[in-house]
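Here is a brief report on the fold. It covers chain contacts, strand pairing and nonpolar cores.

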Amino acid sequence: MPRLRAWFYRFAGLFRKSRTDAEMAAEMQAHIDFLTERNVASGMSPDDARNSALREFGGVEQIKETAREQRVWRWADEFVQDIRFGARMLRRNPSFSILAILCLTLGIGTSAAVMSWIEGILIRPYPLVAHQDRMVALFGTKEGTTEREGLSYPDFLDLQKNSTLFESFIVDRIMGTTLSIGDRAERASGGIVSANYFDALGVQPMLGRGFRPEEGEGRNAHPVTVISYLTWQDRYKGDRDIIGKTQFLNGVQHTIIGVAPEEFHGTFIGYSFNFWVPTSMQETFDTTGYKLENRGARWIEGYAFLKPGVTRQQAQAELDAIGQRLENDYPETNRGHHFEILPLWKTPFNAVANLSPTLGITAAVAFFVLLIACANVSNLLLARSLLRRHEMTMRLALGAGRRRLIKQLFTEGLLLSLIAAAGGILVAYWCRNALVLVSPVRTPGITIDYPGHLDWRVLVLSVGVCIGSTMLFALVPAIQASHVDLSGSLKSEGSGMIGGSGQSRLRSVLVFVQVALSFVLIAGTGLVLRSLVQMQNADPGFSTRSVVVSAVDLFSAGYKPDRAKIFYEQLLERIRTLPGVQSATLARLRPFSYGVYSSAPLEIEGYQPPRNEQLAADYNEVGEEYFAAIGIPIVAGREFNRTDDENAPPVAVVNQTMATKYWPGKDPVGQRLKVKDKWMEIVGLAKNANYRTKLEQSTPFFYVPVRQNFFVQNNIIIRTSQSAPAISNALAREVHALDPNLAPLDAITLQEQVDVMSYTQRLAVALLAIFGGMALFLASIGLYAVMSYSVSQSTRELGMRMALGARAGDVLRLVISRGLRLTAAGIVIGAIAALLLTRLMGNLLYQVSPRDPVSFGSALVVLIAVALIACFLPARRAARVDPARALRT
Amino acid sequence: MGKEKPDLVYGTLDMLILKALQHDPRHGLGIADRIQQMSKDILHVEQGSLYPALYRLEAQGWIKAEWGVSDNNRRARYYKLTAAGRRQLAAEQEHWSRITKGIDFVLSKA
């Protein structure tokens, strides 16, 4: 016990230092006063008394010092001193400190931000979910294709029933509706989820309850909904008595039974859900009909929770077995269909699939930036250590311990990296949700949500990397300092040679690494940028400029097919009479949308499929003169017209890929195919086009007339010379005239629609450009610092050269060529590294070779230009050296 | 350290201070006077070693200091023995008497 107390006293003593110093002085003064008094009492004069007392007492300062030394831990005392001194050194050289801290802050901040995105989107996307580590994405696969598909509801039930290795399965289907509260109508996104959704996720609604098991069953039997916190706050003004109130959703009155907690946004990365309904309400929200009892309708995405200790391989094996059994039991619907699970970061059906390659590359790039930043700081520290060599030598000469010097430098490095780490964390905190800012066009009411997640793992990692690297390089000068040759280095200052000693070699290596890394980044940015341009210029197979699309949400408004048909008929009539409109028609899906094309098993007259191939193709339901309106050429036969209605024989138009696959060498026009038990005659052959993205492979695709295959939800396709906003306004007027309760979605050109789908590339370009720019900036600072340092160190040599007759131009050339040599070496290595690394960018590149000479060439030009600028300033300074002064020093 | 005068056996000053404080709290000069008086003027404490020793003992938690007022109305820092200090004094006294006994034996055998 007493030991402990002693330690405490010493520790407290550290912080009470100034007070106890004063106390000590007061106490000793009192002592001297006592002695003086005693001397006076024994008959001395006051002056003599005082002098005698002082003599008797001895040196006050020495006593204090002796006391102080034993009072505290000496090293801790020194540590505080070092920190004070370090802070003073940082303040004394503010440009160095600011630069170093800025570099590190950028490096740490960006890498921590990117890591937080990866953490928040890929690794731990659902912060409220209890066992994310055991959560896997569940989906279907089709034999013979790489396509991922959803699950059917009956299959989901069978999985639940038959599995033993899974704790639970949930299914979830994103859908949209138009939500009107009061006079506000906005799009809202929601999820059709299995009744066990909230329970299985372990998410407890903050108000009310989740769904009960029975609420998942029965066609349209349970109109209940759980709303999100955001919706509750935003549209219901945080009404505490919301539970039990009702809300019309797609024309059906739903009872609000719960409010989800604030941090829970659903299980679809990219979109924040506004509400959830149980699977029983599927028909109300799905524009393509009732599917709960249809084993062939694969419309839901799922997640599964493994039981503790079960590996993914074991779980997959069980799924395979269940899939096999279902194939045997239901051959018509399940032949060739299997189930697969993947870790969350590979989830194939939400934004994760699009983002993970981009994020992977971004992480690599951010790491590069961090490396460059560290190299820069090391460079700065090295340069400074040389400048401070005089100071170090002096301190050694004055008797400072070498250990003490090393500790001092160590502390300075620590101080630097701690400040930078704090700054970096701040940057990361600001940037944690910044991904949304570069994400595609938003729809009012729909919240795009790319959650960043800054947790301790991210922070520890980034701070660790930063401190580690700073310390490493802070120590180099320390080690050098510890074998400084006292007499030698006090004499010779500023007498280096251009490109001489070992230290400058180390610094050169650092610059060289920076240049190489920057080259890789710039070349990579160039590649993605070129891809984006290529993609923008690539022809999707339809007109993008003069075609505008919009839609009216009749489904949510509760229109039945008959009424909808009349509505569309009248609306199209009105649109066609608008000025500047050439044609207008319908299509169930617009190209390049998130919607899912109809897909059906096919039978083709005269085509015998191989044994295990199930014939299927995607198709779209389109109106008359669709091809003319959207600009897809008809190669043979005719396109749809008004007479292809429900009374006429069923017809279809196929694309070229489908024609060559199923009727090789024959004219497809006049052939027949069977879709959903209906034989159709092929009346036309359309040119291939892109249907979802420009990156897709061309696949068999066909079109059927919307009049023969009607759905309430359609898009309106308008070919016009007018701008999209003008059409938007006119359209709103016409829709309002037909039904005052309706409003169309904003009309956009097909070009805008196409751009939305290339956002992965845009995101990659934005991120790479930002990071590449930062890297370039840091590398040029590094180059500049090295060059200007070596110039300042070789003043004497340069002066000598000039005294011997070199002209300013020669000196300029000497310095610049030295800088360029460094850069060139970096570029060569960078180019080799880039050639190896850009191949990994495969799926971000579009019609651009990973070795694209244009991108590599521009990286070369940019780097040389930057190097020239970075070298020019110090070179000019060198050229102005006054030989007389340089030699005298 | 090492500043104690040879007239004090090295390491005994701490014990003497504790002993001087055994009954009453005292200030620095009071402690020096008390030691001198108890030793019948044989031992004389150097001020130079007194204060470092006091701070050392305080840091060990054996004595505690407080500002107080002296008989002649001066402010002074008074030191007081703590419970731990009391135990320490006992231990050191015990130790000391064993050592001196041993030394006596050695010397008397000569």
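Among contacts in chain B between residues at least 6 apart in sequence, 47% join residues at least 24 apart. The model is predicted. Chain B has 110 residues, and 34% of them count as buried. Its secondary structure comprises 4 helices and 3 strands. Along the sequence, these elements of chain B run α-β-α-α-β-β-α.

Strand 17 of chain A spans residues 616-622. Of its 7 residues, 5 are buried, so strand 17 of chain A is largely enclosed by the rest of the structure.

| Partner of strand 17 (chain A) | Sense | Bridges |
|---|---|---|
| Strand 16 (residues 598-604) of chain A | antiparallel | 4 bridges |
| Strand 22 (residues 701-705) of chain A | parallel | 5 bridges |

Pro601(A) has Ala616(A) in strand 17 of chain A as its bridge partner. Asp618(A) stands opposite Phe701(A) in strand 22 of chain A. In a regular strand, side chains alternate between the two faces of the sheet.

Next, the cores. The largest nonpolar core has 161 residues. Those with the most contacts inside it are Val369(A), Ala373(A), Phe519(A) and Ala775(A). Both domain 2 (144-335) and domain 3 (354-536 + 759-888) of chain A give residues to this core, so it lies between them. A second, separate core has 63 residues, including Val549(A), Val653(A), Val654(A) and Leu673(A).

What is Ala373(A) in contact with, leaving aside its neighbours within four places in sequence? The contacts are Cys103(A), Leu104(A), Leu106(A), Gly107(A) and Leu778(A).

Technical notes
Residues are numbered from 1 along each chain as its sequence is written. Chains are lettered from A and ligands numbered from 1 in the order in which they are written. This is a predicted model: local features need pLDDT of at least 70, side-chain atom pairs count only at pLDDT 80 or more; totals for chains, interfaces and linings use all residues. Helices (H or I, at least four residues) and strands (E, at least two) are DSSP runs, numbered from the N terminus. A residue is buried if 20 or more other C-beta atoms lie within 10 Å of its own, exposed if 12 or fewer, and partly exposed in between; C-beta atoms are placed from the backbone. Two residues are in contact if their C-beta atoms, placed from the backbone, lie within 7 Å. Two strands pair if DSSP finds at least two bridges between them. A nonpolar core is a set of buried Ala, Val, Leu, Ile, Met, Phe, Trp, Tyr and Cys residues joined through C-beta atoms within 7 Å. Domain bounds come from an automatic or database domain assignment.
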